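Here is a short briefing on a chain interface and a set of paired strands. Please keep the sequence and the model in view while reading.

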Amino acid sequence: MKARNRLAAVALGTLVAVGGVGVTGAVASTGRSTPHSKVVLTGKAHGVTLTLMYGSSGPAETAAVTAAAKAWAALSGNKVNVINASNFTQQLDQAFAGGTPPDVFYLGSQQLETFAKQGELLPYASLVAPAKDFYPALVKAYTWNHTWYCIPKDFSNLALEINTTLWKKAGLTSADIPKNWSMLEADAKKLTGNGVVGLDVGNTLDRLGAFFAENGGSYMNAAHTAFTFNSPQNVKALQFVQSMAKQGILAFPPQQSSGWAGEAFGLGKAAMTTEGNWIIGAMKSSYPSIKWAAYPMPAGPTGKKGTLTFTNCWGIPSSSKNSAAAVSFVKYLASPAQQLRFAEAFGVLPSRISVAQAYAKQNPQVAAFVAGTPYAMSPVGTVGFATVQSQFDSQVANLASLDPKTLLDELQQNAEALLRP
Amino acid sequence: MGLARTLDEAMAPRGVSAPWSPRRIWRHRGSSTRGQNAAGWLFVAPALGILVMFLVIPIGLALYVSFTNWSGITSPFGRTVQGVGLANYRALLTEPGLNRQLFGTDIRNNLYFVLFTVPLQTLLALWLAVVVNNRFLRGRGFFRLAFYFPSVTSSVAITTVFIFLFQGSGAVNKILSVFGIRGPNWLYDTRGIFTVILSMIGVHSAPGWAGHTFLGISIWQWIAGPSFGMCVLIILLTWTTSGTFMLLFIAALQGVSLDVEEASEIDGATPWQRFRHVTVPMLRPAIVLVLTLGLISTWQLFDQVTLVGPYNQTTWTPAYLSYYVSFQNNEFGQGAAIAFLLFALIVILTLIQRRFVKEDLTR
């Protein structure tokens, strides 16, 4: 409790410093197409109306974002028009195509390249805060062509969730918490039976990728110039998942008649799952009676840790007529106090290292999710990857009867085609 | 256009020349024709304006987009948009790659959907119409309403109900298990039903000749048949659309004069003969209309796929692929090219169908 108050006080200080002043970062421009160009902010910092477009995960997020916008508007003497998009990516595209993009919007890391390539994004990030305040992986996720574009809003990591009631029933103790794949397999075996499957994993690359990372594999090479989907590490990882599926100790949600793994977990059909921190809210609201705990993802055979991270940033369009006010708004939204408020309201992890650590300290349940941040892997952001991934994902549910090597070869081949000019 | 003409032809009694045709009236009042003309244009102007605004311009724009690399997040005439010639079409038809493979797969999916749904919905609609048109049936109004009901219900709501019914442990599989049948996990099952039948009789893998590919997918995949996921959509659409077409058949049946039926009865025709040789020929224009409408609408299957598609790519249709490629991949040029190829396909198939299924045997 004390820690939180101190944090809030620090945040309030920052906020006062930011709120009234607006932004004075304007420097001469050399045109927005060159990667290292300086950013020119436009418009006044006061008395303007901004538009904020976002896609909400539920009433909690809607309320928190609306409240934040109201608070900044009152503080800075501006107005904010908040648009909660029901079909976010489509509405955002339409706003841009129509020439009236929102002044501030959510932008997923997978979308960054699409927008940055078109010159539609204002690379304002370094005006708001130094990169060292944020987790390096998140800064990297919003860096394209050597330019850091936008401030990471927050993030979510995958972790291993365990139904503690079923855990005890199977005679397992805290010493059995899976630290590596062999323990995971042994535990899943013990947990399977009586209509319960040991582990339920979402049938998508966005879950299976964690196993790739744990086995030392990756989606792309370090320089992000080539795909590495069919590397021997990835093939072995997928073979491991397949062997568990064949034994019946790992299931995909469709096999358990569930929309997502969290549902199978919440209904007690699966004893373990590998979802992100959004499951905290889902368990609280939909399955409050289930007792569960989260642990970091188990390491691979070589002891390598791995997980996946999903994140959004605060995007500002390069064509905004009020980018000065927009940047000051983002400064407020990304302030430590506001990040903490968002985290508490709807369970996302703060992108600022200091805030995330303090938040994890107060909420032990969150710690397992934050723990993966230093080594977490981001999804592929290459333009056109959506159909490639969908082609892979649609086959995952039948993994038990497919050849992992062929699956990954296909994925690699389709992904490589995207990089060809 | 084609649709309107078909409707017109099917509904108008053949061989009757209208003495009150507007053209004739105009000819009599030659002096005021020009004024009438202007007034006519004035009256249709709002409708015409709407058509140009929401139909002609978007179609023209989409055609333009199909020759560009527009990403969908800038103005389509912006500086980053480049003309790419026929590249978007080539990627779908000739160049090996994921886009062609997906396009080929989706054409196959939709082809099976059409091959099953159109005959099924036409037969079911005809049968329902004949049943509820029976003069001696009690509560005809109730049955008509009941059969028509699925057609007026929201397609999204009905699809959602079907998703629940056809889950792995859903109601359908529960019923099947009563008869000792272990039902497939419908929505997720990507196996074609012909492949499953072939494997039952011992053919487990493709024979050599089936390895050749067309549009990026092998002959073996072309002949695999609809997947179990697609079968759910076939059942769904047959059920929901047969009500609409039943109405068309009822309207046509009421045009069949009682005298003819009675005459055939007196001549000693059995009920089946009467149906086959008297009723069906008289319904020919309506049958052609239903087949044409069915053929066009089934190639445009979209709503249901947006709900079921994320589970299973074998339920995707070209219409859904066009949407997905545009809005998920930000490749609007590619998406527009798919839409125009689909348009060409529908036009060609409709022309073929109209050539081979004549409305009137005497023509």
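**Briefing**

In this predicted model, 26 residues of chain B are in contact with 26 residues of chain A (contact: C-beta atoms, placed from the backbone, within 7 Å). Residues are numbered from 1 along each chain as its sequence is written, and chains are lettered from A and ligands numbered from 1 in the order in which they are written. Local features need pLDDT of at least 70 and side-chain atom pairs count only at pLDDT 80 or more, while totals for chains, interfaces and linings use all residues.

**Chain B side of the interface**
- Helix H5 (98-132) and helix H16 (318-327) of chain B each supply at least two residues to the side that touches chain A.
- H16(B) gives the most, with 3 residues.
- By class, this side of chain B has 17 polar, 8 nonpolar and 1 charged residues.
- Ala, Val, Leu, Ile, Met, Phe, Trp, Tyr, Cys and Pro count as nonpolar, Asp, Glu, Lys and Arg as charged, and the others, Gly among them, as polar.

**Strand pairing in chain A**
- Helices (H or I, at least four residues) and strands (E, at least two) are DSSP runs, numbered from the N terminus.
- Strands pair if DSSP finds at least two bridges between them.
- S7(A) (residues 160-163) pairs with S11(A) in the antiparallel sense over 4 bridges.
- Asn163(A) has Trp292(A) as its bridge partner in S11(A).
- S7(A) also runs antiparallel to S10(A) (residues 270-273), joined by 2 bridges.
- There, Glu161(A) has Thr273(A) as its bridge partner.

**Burial along the strands**
- A residue is buried if 20 or more other C-beta atoms, placed from the backbone, lie within 10 Å of its own, exposed if 12 or fewer, and partly exposed in between.
- In S7(A), Leu160(A) and Ile162(A) on one side and Glu161(A) and Asn163(A) on the other are all buried.
- In S11(A) (residues 292-295), Trp292(A) and Ala294(A) point to one face and are buried.

Key. Contact = placed C-beta atoms within 7 Å.
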